[in-house]
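Open the structure in your viewer and keep the selection tool at hand. The stops below say what to select next and what is there.

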Amino acid sequence: MTQNRLARLLNLVPYLVARPEGVPIAELAADFGVDADQIQSDLTMLWMCGLPGYGPGDLIDIAFDADEVRVLFAAGMDRPVRLAAHEALALSVALRVLADTPGVGDRAAIASALDKLAAAAGEIPADVTVRDTVTDPQAERYAALVASGHAARITYYSASRDTTSERVVDPIEVVAADGHAYLRAWCRTAGEIRQFRIDRIDACSELDEPSEPLRLTNQPAPTAFLASELPRIQLLLGPGAKTVTDAYPCDEIVGEPDGRRRVTMRVRDLDWARRFVLGLGGDAEVLAPAELRDAVRQTAGAALARYQPA
C-alpha cells in the first residue's frame, strides 16, 4: 500500500463521519483528488478494517445509497490523523519563510494556513526564530511594480563601478538571495536582462507604457525552475572582489582560512562569465567548470602576448 493511499484511508472515515447525511461518490473522489473507481476500491478495503476481533460488530460499516456513501460505524476512526510535532514545526517554518518572501500576494491566506496548521497539529508548534529572507522594506513596492505590468525609469548605483546611472527597465520579477531583494528586469540601456539590488535603486518612477520584456528578449516567460538550468560556476574570490557577493545572487558562499571566499553562482552563459572573471583581475580564480577556466586562461594569455616585444 502506498503512503498516499494509507493517508487517504485514515482520513476517509472521519471525513464521512463529519457528513452523516452522506456524500456523493463523485464529490468524495474530487475532494480526495482521485477518480471514482479508486474511491470505490478504498471504501471496499475499509469495509475489511476495524477493531481486534474483526466480527460484524467490530468492522467499519459503510452504507451506499445510490451514488452516495455514509459511515454507520466508525470503529474508533472518527477523528482525523494529527500532524506530529516535528511535521507541524516544519510546515510552520516553511509558511513563515514564504510570508517573508517578496512577491507573495495573499499574506492573509498564509496567516490563515498557519492558524489551521496549529489546530491540525493539536498544539502550538514550538517557537522558532526564522531569519528574514529579505530585510529590504522596498521589496513589496517593486513586487507591486512587476504586477502592474508597466515599465519603469530607475536611477541605479553600481557598487562595482562606483557610478550612478539612469535607465529604463521592463520588470520581470522580484527575487531574493542572501538577505537582499533584487529586481530582475530587461534593461533597455544594456540590451539584456539585469538584476538590480533594490537597496541600490536611488529613484524609481513607473512609466505609462507596458512592460514587454518577453517581446524584447524573444524568450519564454521566466519561471523559478529556469534558474536551475543556467550554467553554474565556482570562483575563489580575494578581498578586492568583495562586492561580487553584494551585487550578484550566489548559491553558496564559503569563507576560506586565508580570507578568500569560495563562491558558487549561476550565470547567463559562460562567455559572459569569461568577461566577468577577467574584469576581476587577480582577485578571481576559476575553480569550475574547466571549460571556463581554460577560456579565461586563453584570453588572458592572448592579451599578455600583445605586450611582448616584437
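Contact here means that heavy atoms lie within 4.5 Å. The model is predicted, so local features need pLDDT of at least 70, side-chain atom pairs count only at pLDDT 80 or more, and totals for chains, interfaces and linings use all residues. Residues are numbered from 1 along each chain as its sequence is written, and side-chain values use heavy atoms, with hydrogens and water left out.

**First stop: His150**

Select His150, which is found in strand E4 (residues 150–158). Strands (E, at least two residues) and helices (H or I, at least four) are DSSP runs, numbered from the N terminus. Leaving aside residues up to four places away in sequence, His150 touches Leu145, Pro171, Glu206, Leu207, Glu209, Pro210 and Ser211.

Is His150 buried, partly exposed or exposed? His150 counts as partly exposed, because its relative accessibility is 26%. The classes are buried (under 20% relative accessible area), exposed (over 50%) and partly exposed (in between), computed with a 1.4 Å probe on protein chains only.

Along the chain, His150 and Glu206 are 56 residues apart, and their C-alpha atoms are separated by 6.6 Å. Their side chains make a polar contact (2.5 Å). A polar contact is a pair of N or O atoms within 3.5 Å; within protein, one must be able to donate a hydrogen and the other to accept it, and residues adjacent in sequence count only if both atoms are side-chain atoms.

**Next: the salt bridges**

Side chains of opposite charge can pair when their charged atoms come close. A salt bridge is a side-chain nitrogen of Lys or Arg within 4 Å of a carboxyl oxygen of Asp or Glu. How many salt bridges does a search of the whole structure find? The search finds 14.

Select Glu173 and Arg184, whose side chains meet in a salt bridge (3.3 Å, N to O). Glu173 lies in strand E5 (residues 163–177) and Arg184 in strand E6 (residues 180–187), so the pair ties together parts that are 11 residues apart in sequence. Glu173 is partly exposed, at 24% relative accessibility.

Move to Arg297 and Asp294, where the side chains form a salt bridge (3.1 Å, N to O). Both are in helix H10 (residues 290–305), 3 residues apart, so about one helical turn separates them. Arg297 is exposed at 51% relative accessibility, and Asp294 is partly exposed at 33%.

**Last stop: a network**

Finally, select Asp170, Arg188 and Glu209, which are linked in a network of salt bridges. Glu209 is also one of the residues that His150 touches.
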